Amino acid sequence: MTKLIPVVDLFAGAGGLGEGFSSLELPVGRSKDRRPVFHIALSVEKEQFAYRTLRLRAFYRLLMLNRQSPAQYYEYISGHSTCPYTLKTKKLWEQAGEEALQLEIGDSDANSIIHKRIKDIANANTDWVLIGGPPCQAYSLAGRVRNKGIDNYRAEK
């Protein structure tokens, strides 16, 4: 099997951009089988609730990759359980916590962690991808609409 291309996702939010990359599959030879092209090696988000979703999605992808039952995951997301993993899948949950990090880019300690992880990924791979969703507040129309009635308001500032 060809080595998957690692993806580093900064300003990941809940992981939509990374989900798009990780869902790309190509046919294997002339069969109907398909294989993924990318895998998320690192995703970083500072906001707590987006990060929780990011880690859950990382966990789900790992469950599928390792052919583990997602039953407990579904119990958790439907509110019927307080824990997303079982004893059998706990290591995958921990692995998801290594992939998805809750850090604030710009903080010196966080930057050190992020730079080290990116360096490790880049040194271990010929090809890798860096993606990032810019912080939405800067591009959101909601803020402009909300501030439209304020005297001397200028969206570009």
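1. Lys116 is exposed, with a relative accessible area of 52%, whereas Asp120 is partly exposed at 38%. The terms follow relative accessible area: buried is under 20%, exposed is over 50%, and partly exposed is in between (1.4 Å probe, protein chains only). The side chains of Lys116 and Asp120 meet in a salt bridge, 2.8 Å from N to O. A salt bridge here is a side-chain nitrogen of Lys or Arg within 4 Å of a carboxyl oxygen of Asp or Glu. Both residues belong to helix α5 (residues 108-124), where they are four residues apart, about one turn of the helix. Helices (H or I, at least four residues) and strands (E, at least two) are DSSP runs, numbered from the N terminus.

2. The model is predicted: local features need pLDDT of at least 70, side-chain atom pairs count only at pLDDT 80 or more, and totals for chains, interfaces and linings use all residues. Residues are numbered from 1 along each chain as its sequence is written, and side-chain values use heavy atoms, with hydrogens and water left out.

3. The count of salt bridges comes to six. One of them joins Glu19 to Arg57, with the closest N and O atoms 3.1 Å apart. This pair links distant parts of the chain, since Glu19 is in helix α1 (residues 16-23) and Arg57 in helix α2, 38 residues apart. Arg57 is partly exposed, with a relative accessible area of 25%.

4. Another salt bridge is formed by the side chains of Arg61 and Glu99, at 2.5 Å from N to O. Arg61 lies in helix α2 and Glu99 in helix α4 (residues 90-99), so this pair ties together parts that are 38 residues apart in sequence. Both Arg61 and Glu99 are buried. Glu19, Arg57, Arg61 and Glu99 are linked in a network of salt bridges.

5. Which residues line the largest cavity? They are Asp9, Gly15, Gly18, Ile40, Ser43, Leu54, Arg57, Ala58, Arg61 and Glu99. A cavity is a set of points, on a 1 Å grid over the protein atoms alone, where a 1.4 Å probe fits but cannot get out; lining residues have an atom within 4 Å of a point. Volume means the space filled by probe spheres set on the grid points, which are joined across faces, edges and corners. Strand β4 (38-45) and helix α2 are the elements that give two or more residues to this lining, and α2 supplies the largest share, four residues.

6. The largest pocket has a volume of about 610 Å³. A pocket is an open set of grid points with protein on both sides within 12 Å along at least five of seven lines. Its lining comprises 21 residues, of which Pro36, His39, Arg61, Leu62 and Leu65 lie nearest the centre. Elements giving two or more residues to the lining of the largest pocket are α1, β4, α2 and α4, with the largest share, six residues, coming from α2.

7. Five of the six residues of strand β1 are buried, so β1 is largely enclosed by the rest of the structure. Two strands pair if DSSP finds at least two bridges between them. β1 pairs with β4 in the parallel sense over five bridges, and Ile5 stands opposite Phe38 in β4. β1 (residues 5-10) also runs parallel to β6, joined by four bridges; Val8 stands opposite Leu130 and Leu10 opposite Gly132. Within β6 (residues 129-132), Val129 and Ile131 form a covered face, while Leu130 and Gly132 form an uncovered one.

8. Aromatic pairs number seven. Rings of Phe, Tyr and Trp (its six-membered ring) pair if their centres lie within 6.5 Å; planes under 30 degrees apart count as stacked, over 60 as edge-to-face and the rest as tilted. Phe59 and Tyr73 form a tilted pair, 6.5 Å centre to centre with 55 degrees between the planes. Phe59 lies in helix α2 (residues 48-65) and Tyr73 in helix α3 (residues 71-77), so the pair ties together parts that are 14 residues apart in sequence. Both Phe59 and Tyr73 are buried. Ring pairs link Phe59, Tyr60, Tyr73, Tyr74, Tyr85 and Trp93 into a cluster.
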